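Please go through the following model with me, taking its local contacts in turn. The questions and answers come after it.

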Amino acid sequence: MAGLMAGFGHYTHAVVRGIPRSLAKEALRSSEREMDLAKVVMEHDAYVEVLRTRLGLEVVELPADESLPDCVFVEDTAVVCGDTALITRPGAESRRRETEAMKGALKDLNLNIVEMSDENATLDGGDVLFTGREFFVGLSKRTNQRGAEILADAFKDYAVSTVPVLEGLHLKSFCSMGGPGLIVIGSSEPAQKALKIMQQMSDHRYDKLTVPDDFAANCIYMNLPSKGHVLLHCTAEEFPESAKVFEKLKDHMLIPVSNLEKVKVDGALTCCSVLINKKANI
C-alpha cells in the first residue's frame, strides 16, 4: 500500500464559487429550514477570506449561476489528487452542469483532466475521503459503485475502498481528515459503523478524534509551509461541545469558521472549495 503522500495537506490554490440567489429557495435539501441569503453571503465571504488572507492561498472565484442553485458546493464536481483532476458526474441530475465551470478552472491550472463520461456512474466529491494514503468512497444516495471504480482507475497509485453511507447525504457529512493519520468522526451509530468499516479495510491504523455532533466532524485540514498544521472547524456557536474537542489538537492552528446558514441545505465546510497543490513551474 502507498505510504503517506508527500506534501499531504499542502495546498497552494482553492477554487470556490459565488452564491446564487436561487440557493435560498431552490437548493436541494433534506430539511425545510429557512435560509437567510444575506447571512449566507457573509458566511461564504468570511470562508473565502480565511483561505485567501489568513492562509495565503491563491483563490480562483467562479461566478455564481442562477440556474444552478447548488453551484457554491464545488467539492462535489471534482476530486483533485496530485496533478490529476477527476471531473465527477454528480448524483443529482440538477447538478450535472456544475462541472463545466470547474473543468474550465482546473484546465486553466494545467491539471490533467479525467472526465467521468459513463452514464451509469455517479460520484459526488463529498463522498470521497482521501487520507493521504488511500481513498474511502461513500456509497450513498449520490455516489454508486461504478463511480468509485472510475475514481480508482483515475488514481491508480492509491487503494480505493467503498463504505456504505446509510444516513446523511455524504460520507463527509460525518467525517474528514484532521491531520496525517487522524480521522475526525461523528459519534452517531452510523458514523461509528462507517469508521469501523474503514478501519477494517485499511492496512493503516488511523487515530480518531470523535466529536459529539456528526456535522461538526466535517473540517478542512491543511499543512502549510509557514503555518504548520491548520484546521478549519465548526464554531462554538454552532456546536459548543464539538468545538471544545478540537482544542485537544495542541499542535494545530485552529480556525473556527461559521457554517450556520449553509448547513440548512446540507452544506459543510469542505463542500465550498476544491483545494489544489500546484507545483511551481520550473
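A polar contact is taken here as a pair of N or O atoms within 3.5 Å, where within protein one must be able to donate a hydrogen and the other to accept it, and residues adjacent in sequence count only if both atoms are side-chain atoms. This is a predicted model, in which local features need pLDDT of at least 70 and side-chain atom pairs count only at pLDDT 80 or more, while totals for chains, interfaces and linings use all residues. Residues are numbered from 1 along each chain as its sequence is written, and side-chain values use heavy atoms, with hydrogens and water left out.

Q: With which side chain does the side chain of Thr-235 make a polar contact?
A: Thr-235 is found in the loop between strand 13 and helix 6 (240–246), helices (H or I, at least four residues) and strands (E, at least two) being DSSP runs numbered from the N terminus. Thr-235 counts as buried at 12% relative accessibility, since buried means under 20% relative accessible area, exposed over 50% and partly exposed in between (1.4 Å probe, protein chains only). The polar contact of its side chain, at 3.0 Å, is with the side chain of Glu-238.

Q: Which residue has a side-chain oxygen that reaches the backbone nitrogen of Ala-38 at the start of helix 2?
A: Helix 2 covers residues 37–54 and has 18 residues. At its start, the backbone nitrogen of Ala-38 is reached to within 3.1 Å by a side-chain oxygen of Asp-36.

Q: Which residue lies over the face of Tyr-47?
A: Tyr-47 is among the buried residues of helix 2. A charge sits over a ring if NZ of Lys or CZ of Arg is within 6 Å of the ring centre and within 35 degrees of the ring normal. At 4.9 Å from the ring centre, the residue over the face of Tyr-47 is Lys-262.

Q: What is the angle between the planes of Phe-130 and Phe-135?
A: The structure holds seven aromatic pairs, where rings of Phe, Tyr and Trp (its six-membered ring) pair if their centres lie within 6.5 Å, and planes under 30 degrees apart count as stacked, over 60 as edge-to-face and the rest as tilted. Phe-130 and Phe-135 form one that is tilted, 4.6 Å centre to centre. Phe-130 is buried at a relative accessible area of 18%, and Phe-135 is buried at 1%. The angle between their planes is 35°.

Conventions:
The expected span of a helix is 1.5 Å times one less than its number of residues.
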